[in-house]
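Dear colleague,

I am passing on a structure that you have not worked with before, and below it I set out what was found. Please keep the sequence and the model open while you read.

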Amino acid sequence: MTTNDDALDHSTVCPLCAVGCRLEAGDGSRADGVSGPMNPNGRLCRKGIGALDVDAEDRLTQPLLRDEGKLRPASWDEAYERIVDGIEATLDRYGPDAMGFFGAPHCTNEENYLLQKLARMLGTNNIDNRARLCHESTTRCLEARVGWPAATNGLAELSDADVIIIAGANPAKRQPIAFNSFVRPAVNNGATLVHIDPIGNATTRLAEIHITPRPETDALVFDLLSARLLDGNDVDREFIRERTRQFESFAASLQNLSPTQAVSAAGVDETQIDRLAELIATADGVAALVGTGIEGDDTNAPEALLNLLLLTGNIGRPGAGLYVLRGLANEQGATDTGCVPDRLPGHQSVTATDARERITEEWGMRPPSSPGKNVREMLAACGKEIRAAVVVGENPAISKRDPDWTRNRLDTLDHLVVLDLFLSETASNADVVLPAAAGFEKRGTITNLERRVQRVSPTTLPPSSARSDFEILRDLGALLLPNSNAFEYQTVADVFDELTRIAPTYEGLSFAELGPSGRQWPVDSDSTLYRDSFETADGRAVFSNDRSGFTFDSASGLSLIAGGRVGETQGDGSETKRRLRMHPEDAQDRDIEEQDLVAISNEKQTIKARVELDENVRCTTVYLPAQVADPLVRRGTSAITVESISEQENL
Ligand SMILES: Nc1nc2c(c(=O)[nH]1)N[C@H]1C(S)=C(S)[C@@H](COP(=O)(O)OP(=O)(O)OC[C@H]3O[C@@H](n4cnc5c(=O)[nH]c(N)nc54)[C@H](O)[C@@H]3O)O[C@H]1N2
Ligand SMILES: Nc1nc2c(c(=O)[nH]1)N[C@H]1C(S)=C(S)[C@@H](COP(=O)(O)OP(=O)(O)OC[C@H]3O[C@@H](n4cnc5c(=O)[nH]c(N)nc54)[C@H](O)[C@@H]3O)O[C@H]1N2
Ligand code: SF4
Ligand SMILES: [Mo]
């Protein structure tokens, strides 16, 4: 491993998902796995094997500028000049809070750090990253109640768990190597896997218990379990007394829960709840792994799950804790490095005196102290308070909720700069597009879903004149802040080392000493967080009694859930080949048979698909892959109707 930014290395860490498997360049464009902390047996998933096989034809190879409505090739100097003019004009006319910065879970820690440094040195906290849209409820709950917005334990600790609960996720498909390296062996060694998901998926196959709550009722399931355990006095009194706060008000609020109503509202089988309560009561360690399915604007499933873990003392010990099944390669790092509107690097509040002091010393200026706008607020303010934006490795034009709305918002900007590998939908609407190097063409660090900071190295050169986001942001920083030397870096290691001086979570790490296995933050603890105390003001974890109001419109009959992610096509994507998964009883009620073509409608839209009968789908719930479901539901659920139509019918 070299630290010279230009030299090529033979091996690196897979830049395609938050697991972070080790790999090396194999024959042709194939990547071969090499043993690493996340893939001890050297395996890669299919996506990882193709990690180095980027469609070179479509790569951006030179900067593009918009002139007379059209993008045209330009030199780097010309592109930089246009960016500086656009940003300076915005600052002069409207001030720094008219700028928005969209950061970068595909990019390295150093790149994310530079992006937020640029935003803040220009005078705004309007910086966010898209991790907010995937795991916000869970990470917010962890940060507020135990300390850090991150997984509480390392994955290898799953070998110490007796019960593994996976809720609203499909790691067998989405984090396949983590699932096969840690969950599967734990289950083979006797741990009981419980899958909580209205829809059975690849993960369910390994589960002993499959609980299928009505969508968005998981909080009720966790509360029911807490109530059962409390009734049976199967709780950890010592842990509650010594290490938590607000237990009494939580226990009192559970008294208001009517178990009969909760069971019926969640539509779960009571004997399964009893069985799981029994398992938790007798387990030495319970680990919960959660994904996007328990996120939702109105649910507080993560809050209820954390209550359950605190009640039973299942946090702060090996194999007992809450894991966030993050998706994008450096989602954790983008948040750690401060691409967040109210947090400086290291999850410190923008108002925290000591953090502000450290930064002022390091940057030679005070960062702004009023929290900025988050992703959604920035998009909503485009063309109004926000007049210019810099987007690094994100494609909000399609990935954010309601793409047409988002695209229209981005169109209203005076100045849009996009750094990307390809001419994405967002890039094609930009005023300046800069060609960036991909994950395996650059050096830096990324932080995986268990807080492991690992080095990535270039195994190939970027195409033509593309530059790493690090180089681009360093250049822009120097040009936009000509009176400061705050962007004078020789190598990415200089940026990383600055990060370790500012972010307490990264303190003690050193770029040169990360080694082939990386290190988990914080370095002064082992992989289990909170063994002795929580990272809260008084060191105690907090119970929450914020119980969600919950309504189920039984008249609507069926609710639609979407799953699977962007980029995964099903069949050739043509309307008649799309599959709607439906329980046989729901189909029978509507005179629908296997393979029937159906119209699926909510109050706004109708789409067509073919029915696939499936007993692993809970009754009254149906399932479509995300990109097919898109017009009907982007997140959460939608009440829909389904009816058979003839093969020829046009919608
Ligand atoms: N191959 C591949 N892997 C990927 C990605 C990719 O694009 N391709 N993307 C990555 C990214 S960015 C992410 S965020 C992750 C996402 O990974 P996951 O969060 O695992 O995403 P899904 O596979 O959609 O699984 C979500 C599950 O939640 C369930 N669900 C929906 N509503 C509810 C509910 O109310 N309660 C419960 N309990 N469950 C519910 C759905 O049925 C579905 O099974 O995957 C990552 N991994
Ligand atoms: N319809 C639908 N929408 C979804 C989802 C879905 O399942 N269905 N899933 C949601 C989820 S979970 C997520 S996480 C998001 C993903 O949302 P986004 O992160 O916005 O989308 P991506 O397409 O993953 O990546 C954005 C861009 O980053 C670029 N990129 C990759 N690596 C680099 C790099 O090193 N540098 C630079 N500068 N650019 C780079 C890619 O070329 C791509 O154009 O989508 C969300 N939106
Ligand atoms: S599991 Fe994730 S990190 Fe590992 S090979 Fe697959 S895509 Fe890459
Ligand atoms: Mo995601």
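**A glycine after a helix, and the helix before it**

Helix α14 is followed by glycine 364, whose phi is positive, near 75°; helices here are DSSP runs of H or I with at least four residues, strands are runs of E with at least two, and both are numbered from the N terminus. Before going further, please note that this is a predicted model, in which local features need pLDDT of at least 70 and side-chain atom pairs count only at pLDDT 80 or more, while totals for chains, interfaces and linings use all residues. Residues are numbered from 1 along each chain as its sequence is written, chains are lettered from A and ligands numbered from 1 in the order in which they are written, and side-chain values use heavy atoms, with hydrogens and water left out.

Helix α14 itself spans residues 353-363, and within it Ala355, Arg356, Ile359, Thr360 and Trp363 are buried, where buried means under 20% relative accessible area, exposed means over 50%, and partly exposed lies in between, computed with a 1.4 Å probe on protein chains only. An α-helix has 3.6 residues a turn, so residues three or four places apart point the same way. The face of α14 turned away from the buried side carries the exposed residues Thr353 and Glu361. The buried residues pack against α3 (109-122), β14 (343-344), β15 (348-349) and α19 (492-502), with contact taken as heavy atoms within 4.5 Å.

In helix α9, which runs over residues 247-255, the buried residues are Phe247, Phe250, Ala251, Ser253 and Leu254. They cover an arc of only 160° around the axis, which puts them on the same side of α9. Glu248 and Gln255, on the other side of α9, are exposed. What do the buried residues of α9 pack against? Their partners are α7 (218-231), α8 (237-243), β11 (244-245) and α12 (301-311).

**Domains**

The domain assignment of the chain, whose bounds come from an automatic or database assignment, gives domain 1 (62-133 + 329-440 + 465-489), domain 2 (136-324) and domain 3 (558-644). The C-alpha centres of domain 1 and domain 2 lie 37 Å apart, and 8 residues of domain 1 are in contact with 6 residues of domain 2. Between domain 1 and domain 2 an area of about 600 Å² is buried, of which carbon and sulfur atoms give 35%; buried area here is the accessible area (1.4 Å probe) that two parts lose on being put together, summed over both.

Around ligand 3 are Cys14, Leu16, Cys17, Val19, Gly20, Cys21, Leu44, Cys45, Gly48 and Ile177, a residue being counted if one of its heavy atoms lies within 4 Å of the ligand. By class, this shell has 8 nonpolar, 2 polar and no charged residues, where Ala, Val, Leu, Ile, Met, Phe, Trp, Tyr, Cys and Pro count as nonpolar, Asp, Glu, Lys and Arg as charged, and the others, Gly among them, as polar.

**Residues in loops**

Arginine 387 is placed in the loop between α15 (375-381) and β16 (388-392), and at 18% relative accessibility arginine 387 counts as buried. Not counting residues up to four places away in sequence, arginine 387 touches Thr90, Tyr94, Ala98, Leu413, Asp414 and His415.

Glutamate 68, in the loop between β4 (64-67) and β5 (70-73), has a phi near 50°, a positive value in a residue other than glycine. Is glutamate 68 buried or exposed? With a relative accessible area of 84%, glutamate 68 is exposed.

Tyrosine 530 lies in the loop between β21 and β22, and has a positive phi, near 65°, in a residue other than glycine; with a relative accessible area of 5%, tyrosine 530 is buried. Proline 522 lies in the loop between β21 (519-520) and β22 (541-542), and the peptide bond from tryptophan 521 to proline 522 is cis, with omega near -10°.

With kind regards

Methods
Arc of directions from axis to C-beta.
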